[in-house]
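Work through the exercises below with the sequence and the model at hand. Each task is followed by a stepwise solution.

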Amino acid sequence: MKSKVTNSKIPTKFEWGILVFLFAFLFVNFLFPDIILTTNHSISFYDLLSKNDLIHFYSENYIINGPLGTTYMTYDFPIFAIMGLWNIPLLLLQKIFGIVWYNNLISILYAKSILILFAILSLWIMKKILVLLNKTQEDIKWYKFLFVSSPIFLMVLGLFGGYDIISIFFSLVGIYYYLQDKDKQFVLFFALAISLKLFALVLFIPLLLLKYKKISKILLYGFLSLSVLIFAKLVYMNAPMYQKSLNAFNDGMMTYLMTNNFAGSFSTVSIFFIIYTLICILCYFKEYKGKETLEKYTMYIGLVVMGSFCTFVTIHPQWFILVLPYLTYFLINNKKLKYHNLLVEMGYVSSMLAILVIHYTWVFCPTLLNRMLLNKLFPLNEIPTHMPLVARFNEFLPIISGVAIACFLVFLYLNYPDFQKKEIKQKFSRSLLWIRMGIILIPTLLMIIGYFR
């Protein structure tokens, strides 16, 4: 006799309960220092605003060997303005009671919780997008569960506290209006997303080319999409330490983009830029048939663009979440290949996660427990900086990378909008869902073992 969980057509309360417990465990016990630095800078933004001294925002936060190490800001001010609003209570705590917020677990959890807020907002706007795309309530419930139970989500928001979810929310709002032919709102929300993280521009351009064929309109909307970012740069163009702060990040970003390449006639050629250029050309040449074209290709473009970026660029672990909204969409969209899709998606995600763990040994290490609950309960004078066994797998990176690329390409093929799907509908395999959710436990347990070793 099958259990209620196996028979249920939607995720059960029991499954949600296990998922919430797993996420909560990760959320209270792990933290990557980036969120502390960015939160600190966002607090500084409103502190300087209260003093009418925002011109020194970048110089005030360019600190050599401070309490949080050497720190400088690598983003324009909109991201700090948004996060700073959430963190005003931490500023007041600091001003009134003299409490150093990043030494207090409750304050850290409060700072991290902005990510939960934007995750909820992202799922809220995705629900609206799914309704526009004629998805059922059952589809929507599965989307929410598959999104949150993904090892990507659990890693980025649970283990790390990655704040790319903020720009993802604004991008999804832009897509929501794009699907409704509301040009002004589409451009506005993508402009906001681009000002937070430039990654949104990579998605905006092919969407623009799919829908608009007049060069004048493409150029106008392209300029408007950059307007908020341009404004942010003009405001601080001559501010002390602004150029020096951002140049450090920009120089490194070009290195990431050009890492995966092959030999060309005169220099190395970026694999990602080849794929991206092809996508942009195909989108522009694609005949636009109104709502039919948008419903058919919008999410697939997101999958191809963000998936190619995550697969063929040397990404930071936090950036992996950029592909999640689109990857999850096709798990519920292709009803006739649910089992195949889930299997291939697990192969892609677990391979990519393995690559990130092996490559970023200085990131996936017991120091992620610093300042968090387990560290408070079992404090160490010196936390180990590497996980046991991981370094031995470095020689297998080419093989694992090959598996990740193969799975990603198969996933693209299976979900191409014009692909002739099988007639037999498939169900989600509950056992695969549990395995998928449990993938994150491998690096988690390795870090905990390394901590107590």
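The exercises cover salt bridges and a surface patch in this predicted model.

**Exercise 1.** Determine which parts of the chain the salt bridge between Lys233 and Asp76 ties together.

Solution. 
1. The closest N and O atoms of Lys233 and Asp76 are 3.1 Å apart, which meets the definition of a salt bridge because the cut-off is 4 Å.
2. Lys233 lies in helix 14, and Asp76 in the loop between strand 2 (69-71) and helix 5 (78-86), so the bridge ties together parts 157 residues apart in sequence.
3. Lys233 has a relative accessible area of 33% and is partly exposed, whereas Asp76, at 6%, is buried.

**Exercise 2.** Locate the partners of the salt bridge between Asp139 and Lys335, and classify each as buried or partly exposed.

Solution. 
1. The closest N and O atoms of this pair are 2.9 Å apart.
2. Asp139 belongs to helix 8 (residues 137-149), while Lys335 sits in the loop between helix 18 (324-333) and helix 19 (338-359); 196 residues separate them.
3. With a relative accessible area of 4%, Asp139 is buried; Lys335, at 28%, is partly exposed.

**Exercise 3.** Which helix supplies the largest share of the nonpolar patch?

Solution. 
1. The patch consists of Leu220, Phe223, Leu224, Ile230, Leu234 and Met237, with about 540 Å² of accessible area together.
2. Helix 13 (215-225) and helix 14 (227-236) each supply at least two of its residues.
3. Helix 13 gives the largest share, 3 residues.

Terms used. Residues are numbered from 1 along each chain as its sequence is written. This is a predicted model: local features need pLDDT of at least 70, side-chain atom pairs count only at pLDDT 80 or more; totals for chains, interfaces and linings use all residues. Side-chain values use heavy atoms; hydrogens and water are left out. Patches are made of residues with over 30% relative accessible area and no salt bridge: like charges are joined within 9 Å, nonpolar side chains (Val, Leu, Ile, Met, Phe, Trp, Tyr) within 5 Å. Accessible areas come from the Shrake-Rupley method with a 1.4 Å probe; for residues, only the protein chains shown count as cover. A salt bridge is a side-chain nitrogen of Lys or Arg within 4 Å of a carboxyl oxygen of Asp or Glu. Helices (H or I, at least four residues) and strands (E, at least two) are DSSP runs, numbered from the N terminus. Buried means under 20% relative accessible area, exposed over 50%, partly exposed in between (1.4 Å probe, protein chains only).
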